Amino acid sequence: ALSGKRLGSGSTALTVGAVEVGDQNGRVLVHLDVTGAYNGAIFLWGTPQVERSGERYTLTVPDLKLATESTSRLEDTKIALVQLFDGDLAEKIKPQLRLDVTDKLTQARAALSGTTALDRSTWQNVPVASQINGIALKSTISELSPLQVESRPGVVVIYVEAVGQMELLFQ
């Protein structure tokens, strides 16, 4: 959604080419290749978090800001960031870095609920607890609440608190 987007207007406009989102010490690092009033790479970074709005959870980067390396490059070319973007670049990028994770949390809650039995040396899902012959774990997770978020290479990790019941069964 961000690739191809035009930021600013007139002679100060930039067009975003390639976009890479990565990790830098637990923070999200956004690398933008831009053309227009400034040609080159711009880097932004921030700490990911999950915001709750009603029943929905959205992954955001509320403290997104321009990385020091980009600030130096822009100052070296004597382009003032405020003039270039008609405002703060990070504020223009933030809405593009929102991801609703509600469905993923719902899928994880469903996957963690159910009955798992130990069959020889492997845990297997079983449809009905009465089909257990040995040791089983029966769980009903009613809610997953996000606690903390961090960026790791290739993935954003959401740590959650699971609320529900678990039973260890011996048959």
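## Sheets, hairpins and pocket of a predicted model

In this predicted model, Thr116 has Leu137 of strand 11 as its bridge partner. Strand 9, residues 114-119, and strand 11 are paired in the antiparallel sense, with 4 bridges between them. Helix 4, residues 102-112, packs on the sheet and touches strand 9, strand 11 and strand 12. The direction of helix 4 makes about 150 degrees with that of strand 11.

The sheet in question is open and consists of 4 strands in the order 10-9-11-12, with antiparallel pairing. Strand 10 (122-126) and strand 12 each have a single partner strand and stand at the edges, so one side of each lacks a neighbour in the sheet. On average, neighbouring strands of this sheet are turned by 40 degrees against each other, direction ignored. Strand 9 also pairs with strand 10, in the antiparallel sense and over 5 bridges. Within the structure, Ala117 stands opposite Gln124 of strand 10.

A second open sheet contains 5 strands in the order 1-2-3-4-7, again with antiparallel pairing. Its edge strands are strand 1 and strand 7 (65-66), each of which pairs on one side only. Strand 1, residues 6-7, pairs with strand 2 in the antiparallel sense over 2 bridges, and Leu7 has Leu14 in strand 2 as its bridge partner. Strand 2 and strand 3, the latter covering residues 27-36, are joined in the antiparallel sense by 9 bridges; here Thr15 stands opposite Thr35 in strand 3. Strand 3 in turn pairs with strand 4, residues 40-46, in the antiparallel sense over 7 bridges. The bridge partner of Asp33 is Ala41 in strand 4.

| Hairpin | Residues between the strands | Turn residue and phi |
|---|---|---|
| Strand 1 and strand 2 | 6 residues | Gly8, about 80 degrees |
| Strand 2 and strand 3 | 2 residues | Asn25, about 55 degrees |
| Strand 9 and strand 10 | 2 residues | Arg120, about 60 degrees |

The largest pocket holds about 220 Å³ of space. It is lined by 17 residues, of which Val21, Val28, Leu59, Leu97 and Val156 are the closest to its centre. Two or more lining residues come from each of strand 2 (14-24), strand 6 (56-60), strand 11 (135-152) and strand 12 (155-170). Strand 2 makes the greatest contribution to this lining, with 3 residues. By residue class, the lining of the largest pocket comprises 9 nonpolar, 5 polar and 3 charged residues.

The structure also holds 6 salt bridges. One of them links Glu51 with Arg98, where the closest N and O atoms are 3.7 Å apart. Glu51 belongs to strand 5 (residues 49-53), while Arg98 lies in the loop between helix 3 (89-93) and strand 8 (99-100); the pair therefore ties together parts that are 47 residues apart in sequence.

Notes
Residues are numbered from 1 along each chain as its sequence is written. This is a predicted model: local features need pLDDT of at least 70, side-chain atom pairs count only at pLDDT 80 or more; totals for chains, interfaces and linings use all residues. Side-chain values use heavy atoms; hydrogens and water are left out. On a 1 Å grid over the protein atoms alone, a cavity is a set of points where a 1.4 Å probe fits but cannot get out, and a pocket is an open set with protein on both sides within 12 Å along at least five of seven lines; lining residues have an atom within 4 Å of a point. Grid points are joined across faces, edges and corners, and a volume is the space filled by probe spheres set on the points. Ala, Val, Leu, Ile, Met, Phe, Trp, Tyr, Cys and Pro count as nonpolar, Asp, Glu, Lys and Arg as charged, and the others, Gly among them, as polar. Two strands pair if DSSP finds at least two bridges between them. Axes are lines fitted to C-alpha atoms, for helices over the stretch in contact, and angles run from 0 to 180 degrees between N-to-C directions. Contact means heavy atoms within 4.5 Å. A salt bridge is a side-chain nitrogen of Lys or Arg within 4 Å of a carboxyl oxygen of Asp or Glu.
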